[in-house]
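I set aside some time to go through this model and keep notes. The entries below follow the order in which I looked things up.

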Amino acid sequence: MPVAWPEDVELAPLQELEPEEDIRFADLLGDAPKIAFDEADMERISDALVLGFPQKEPPFSERGDFVDRFAALSTIEELDDGDENVAQLAARARKDEELLATLLRVYGYYDGEIVRTIGTRDAGEDAAEQRPRVRFDVIPGPRYSYGAIDLGELASAPDAAELRESFDIHSGDFLQSDTILAERFDLDRALGETGYPFAEIDQPELLIDHERTEGDLTLPVRPKGKYVFGEVVSGDEEFLSSRHLAQIARFEPGEVYQRSLAFDLRRAVTATGLVSSVGVEAREIKPPQGDEPGVVAMDVSMERAKLRTIAGAIGYGSEEGVRIQASWEHRNLFPPEGALKVRGVLGTREQLLGATFRKNNFGGRDKVLTLDAYASTIDTDAYDANTVALTGTYERTSTLLFQKPLSWGVGAEILATDERNRVIGGIPRPRQTYFIASLFGRATIDTSDSLLDPTRGFRVTGFLGPETSRTGSEQYYYLRNQFDASYYKSVGERLVIAARGRIATIQGARLAGIAPSRRLYAGGGGSVRGYGYQTIGPKNDLLEPTGGRSLVEASLEARIGTGFFDGALSVVPFVDAGSVSIETVPDFRFIKIGAGVGVRYATGFGPIRLDVGVPLNPDEDDSPVAVYVSLGQAF
């Protein structure tokens, strides 16, 4: 193929220097030839390096990507400090010349030439300040195409035509080695996702024919038969049974084998926290016969992890005082995945002793049955309560590993609680005992991209809880309901706008018939920042919160990336507002607004949050500033 050269470009002679000649040449730097530039055909990489492209026909169609890749890999660019001499530059230029030749072959130019010229660039009128410069003139020549393409035994696969479409290289296409690797990956993925667990693909071979300007590609493919899923077989039946693992799996016997589903099963077993290592392998139990696929059993091997955990923590908060907590847990006391946890809390405002039974993956993947029994004493500014309770829930959870667009939960609760109850006017009543029974359900729709640090999408959650309460000789029936919504929007690369709203009501009973611990309150790090926990809303004459029957909250914040600490640190200005009303319909008599600024530090498991908020319309007993620390965003 003829190569057309522009008539107006002159190339300086190639300076092919031995090390000692380089030194003599450096001594004569002032007499070095100047490099001629044709700006229309030049790519300036830096002051020390330029590329020339004198070839006009055929055009170098991959020139832009070629230049970018060379600039990223260039030895001259990597080691350039502005003080190199000709000897150093010549040594680096030889490596870059080899790199350019390699890149030409990557793009299918096997007859290319590189002309290397070392000259000087002016740094001023003083000749002593002239510094060396390297120019490479790249002459790619004709671009080669694919000739014959041999994909081994691929034609023996039952769905060979569909598999061939996944390998998007055809005779006559321009040759590029990057494409070969990418299409090999696509073909391997297609085999793994359409029923070929034992398929093999060898390394590609490319035979270049310079006379034809073509390359013949050989990619040995051995499909080794198509299969469907069979049974899941546990390697430790007493620990995690085959039946339980089959419930975790996202495939059914008879479905076409998919490698991603086998990998998903491995991740799900790992997520139980019961194993230190796990392997999932396909094993043939029935070979393919004609057009009928074979069957593979999925063998799950595992190593048991340590199952018992003792944990403890000591902390202090301005709102909760001293708090000491401890727990003991056995994560598989009732196989499979039946955990028992005993916990206790001893603190200034809270004391608790409880036991929780939790059955993970019960009745299906990520479905959890929980039974919780506890006795507690809580003393807050809003109420104090001595409570004994039993709660049961069954839910489909969204986890960090498997975030779901829809999660839900249903449950029931019975409790007896002896509480301090006040009425408007500040006249204290004797403690009252409430016997409460409730049913509840919730559902969440989540389109966000992260549970802990969302940057786009929305979440909406609805909660309904019919409840009955008996105190003394009076029986009350009422409905608790709540609706939450949040929205996240990325603006540019470093800004996320986040907004949320909440509305809740208790319908059907007067305030005195609702235990103080079941009423609605606002204020705190997950509510209106700048105010204390549960301090927003109607208060009695002693300025003690009484709680209400309706609540409205709204928050707006800007999460601004700073670029510090490799982009891990961000600044978050925010404003929150909330109102609690005695009536079932919000009247906004006690609306409060808080504002402030926070910082976030991104970690591998979510951002660490530090917020400092101030009340904009505080009451007399509100603190002038409040600080909140937690894991994850505020919402």
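Which residues of helix 6 are buried? I found Ile180, Glu183, Leu187, Ala190, Leu191 and Gly192. I keep in mind that this is a predicted model.

**Helix 6**

I checked the length next. Helix 6 runs over residues 177–193, which makes 17 residues. At 1.5 Å a residue it should span 24 Å, and its end C-alpha atoms are 25 Å apart, so the two values agree. I then looked at what comes just after helix 6 and noted Gly195, with a positive phi of about 110 degrees.

I moved to strand 2, residues 49–52. Leu49 and Leu51 point one way, Val50 and Gly52 the other way. All are buried.

I looked up the pairing on strand 1, residues 42–46. Strand 1 and strand 2 are antiparallel over four bridges, and a hairpin of two residues joins them. Arg44 has Val50 as its bridge partner. With strand 4, residues 131–139, strand 2 pairs in the parallel sense, also over four bridges.

I traced an open sheet with the order 10-12-11 and mixed pairing. Strand 10 (227–234) and strand 11 (275–286) are the edge strands, each pairing on one side only. Direction ignored, neighbouring strands are turned by 25 degrees against each other on average. Strand 12 covers residues 294–304 and pairs with strand 11 in the antiparallel sense over ten bridges. One of the bridges sets Gly279 against Ser301 in strand 12.

- Glu57 and Pro58 are joined by a cis peptide bond, with omega about -10 degrees. Pro58 sits in the loop between strand 2 and helix 2 (63–73).
- Pro335 and Pro336 are joined by a cis bond too, with omega about -5 degrees. I placed Pro336 in the loop between strand 14 (321–330) and strand 15 (338–347).
- Lys224 is not a glycine, yet has a positive phi of about 60 degrees. Its loop runs between strand 9 (221–222) and strand 10. Lys224 is partly exposed, at a relative accessible area of 43%.
- Gln534 has a positive phi near 65 degrees. It lies in the loop between strand 23 and strand 24 (550–561). Its relative accessibility is 10%, so Gln534 counts as buried.

**Second largest pocket**

I took its volume as about 480 Å³. Of the 20 lining residues, Arg459, Thr461, Asp484, Ser486 and Arg502 are the closest to the centre. Strand 20 (432–446), strand 21 (457–471), strand 22 (474–491) and strand 23 (495–507) each give two or more residues to the lining. Which strand gives the most? I noted strand 22, with five residues. By class, the lining has six nonpolar, eight polar and six charged residues.

**Cavities**

I searched the whole structure and got two cavities of 30 Å³ or more.

Key:
Residues are numbered from 1 along each chain as its sequence is written. This is a predicted model: local features need pLDDT of at least 70, side-chain atom pairs count only at pLDDT 80 or more; totals for chains, interfaces and linings use all residues. Side-chain values use heavy atoms; hydrogens and water are left out. The expected span of a helix is 1.5 Å times one less than its number of residues. Buried means under 20% relative accessible area, exposed over 50%, partly exposed in between (1.4 Å probe, protein chains only). On a 1 Å grid over the protein atoms alone, a cavity is a set of points where a 1.4 Å probe fits but cannot get out, and a pocket is an open set with protein on both sides within 12 Å along at least five of seven lines; lining residues have an atom within 4 Å of a point. Grid points are joined across faces, edges and corners, and a volume is the space filled by probe spheres set on the points. Ala, Val, Leu, Ile, Met, Phe, Trp, Tyr, Cys and Pro count as nonpolar, Asp, Glu, Lys and Arg as charged, and the others, Gly among them, as polar. Two strands pair if DSSP finds at least two bridges between them. Axes are lines fitted to C-alpha atoms, for helices over the stretch in contact, and angles run from 0 to 180 degrees between N-to-C directions.
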